[in-house]
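Q: Hi! Could you walk me through the ligand site in this one, and then a bit of the helix packing?
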Amino acid sequence: MTVTLPTFTPLEESLFLTLYARALDHRRPRPILGDAVADQIVHTLAYDYDALHPDTNLILSVALRARKIDQVASAFLARHPGAIGLDLGAGLDTRAARLDPPPTTDWYDLDLPAVADARRQLVPERPDTHVIAADVRDPAWLDAVPTDRPAVIVADGLMGFLSEDELVTLWNRLVAHFPAGEIVFNSYTRFAIWLARHARGTKSVARLVRFPGMDDPREPETWNPKLHLVREILLSREPEVAEFPAGWRRYHRLAAHSTAWSRTGTIVLHYRF
Ligand SMILES: C[S@@+](CC[C@H](N)C(=O)[O-])C[C@H]1O[C@@H](n2cnc3c(N)ncnc32)[C@H](O)[C@@H]1O
């Protein structure tokens, strides 16, 4: 069965790049994330994937950053099985299926209304998962989310599309809403933002990028005194690089010697509050 979706805005359409990258990772002989459901969704959807041109490094980075975010969320849910999980700008990602949280967890996937509708049609439903159709910048959507449970909040691919002020406001709102929790998201230095605006592999989203980039992972600690950096995860230094094809493995092993160089690539930032 092939599903044809209504026309998305370019912002909403950005989900196809990450979805397709995870599907292509799944087709590699040694996948990093191995998300079979992403590949099934790609096969189901009539879309011009060839126009996206994700290069190998983008595929590896998208897969590995998703894996790192999953690891943080999974460890949090193991310690807090009654927690709330929130995926902001979830697109058609199948994170809840990958994490398989216990039935005592409530997991919320938020995205803009057209994407939320598509998600309801395409992503296999699970008990205790909920879709929120909203603009993440609108404070009203949080009213639907319980305030009395710890939360793990993930944002994979969202941050680049928000201005710094919007991000600070969002993080402050989330920290105020829950008694405690963790936030994990992929971040970009100023140079990485420049690259995202100019590289061929991210051409489809280049004009949508609004975040200026963040060079110091401790900067969010100045946004809210409750936010504490747990770890800056530089993908070049993660063990999964051993599974990369030889050329990219050599590149990342070299980059791993230098923090500045590693930061030009994909970074996952993990905070607690
Ligand atoms: C690059 S995609 C990433 C999607 C998904 N997290 C993934 O990894 O495949 C960015 C997503 O953020 C969503 N998005 C962008 N701005 C948003 C906003 N202001 N409110 C809610 N969702 C937003 C887009 O609709 C899109 O689904």
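A: Happy to! A term to start with: a polar contact here is a pair of N or O atoms within 3.5 Å. Also keep in mind that this is a predicted model.

Q: Good to know. Which ligand atom does the backbone of Val136 reach, and how far away is it?
A: A backbone N or O atom of Val136 sits 2.8 Å from a nitrogen atom of the ligand.

Q: And how much of the ligand does the protein bury?
A: The protein buries 98% of the 590 Å² that the ligand exposes when taken alone.

Q: What do the side chains of Asp111 and Asp135 do there?
A: Asp111 has a side-chain N or O atom 2.6 Å from an oxygen atom of the ligand. For Asp135, a polar side-chain atom is 2.9 Å from a ligand nitrogen atom.

Q: How many residues surround the ligand?
A: There are 22, and the closest are Thr18, Arg22, Gly89, Asp111 and Asp156. By class, that shell has 10 nonpolar, five polar and seven charged residues.

Q: Which element gives the largest share of the shell?
A: That's α2, with three residues. At least two residues each come from α1 (10–13), α2 (15–27) and β2 (106–111).

Q: Switching to packing: how do α2 and α3 cross?
A: Their axes cross at roughly 115° and come within 8 Å, with α3 covering residues 36–44. The crossing is left-handed.

Q: Which residues make the contact?
A: On α2, they include Leu19, Arg22 and His26; on α3, Ile41 and Val42 are among them. The contact has seven nonpolar, two polar and three charged residues.

Technical notes:
Residues are numbered from 1 along each chain as its sequence is written. This is a predicted model: local features need pLDDT of at least 70, side-chain atom pairs count only at pLDDT 80 or more; totals for chains, interfaces and linings use all residues. Side-chain values use heavy atoms; hydrogens and water are left out. A residue is near a molecule or strand if one of its heavy atoms lies within 4 Å of it. A polar contact is a pair of N or O atoms within 3.5 Å; within protein, one must be able to donate a hydrogen and the other to accept it, and residues adjacent in sequence count only if both atoms are side-chain atoms. Accessible areas come from the Shrake-Rupley method with a 1.4 Å probe; for residues, only the protein chains shown count as cover. Helices (H or I, at least four residues) and strands (E, at least two) are DSSP runs, numbered from the N terminus. Ala, Val, Leu, Ile, Met, Phe, Trp, Tyr, Cys and Pro count as nonpolar, Asp, Glu, Lys and Arg as charged, and the others, Gly among them, as polar. Axes are lines fitted to C-alpha atoms, for helices over the stretch in contact, and angles run from 0 to 180 degrees between N-to-C directions. A crossing is left-handed if the near helix is turned anticlockwise from the far one by less than a right angle, and right-handed if clockwise. Contact means heavy atoms within 4.5 Å.
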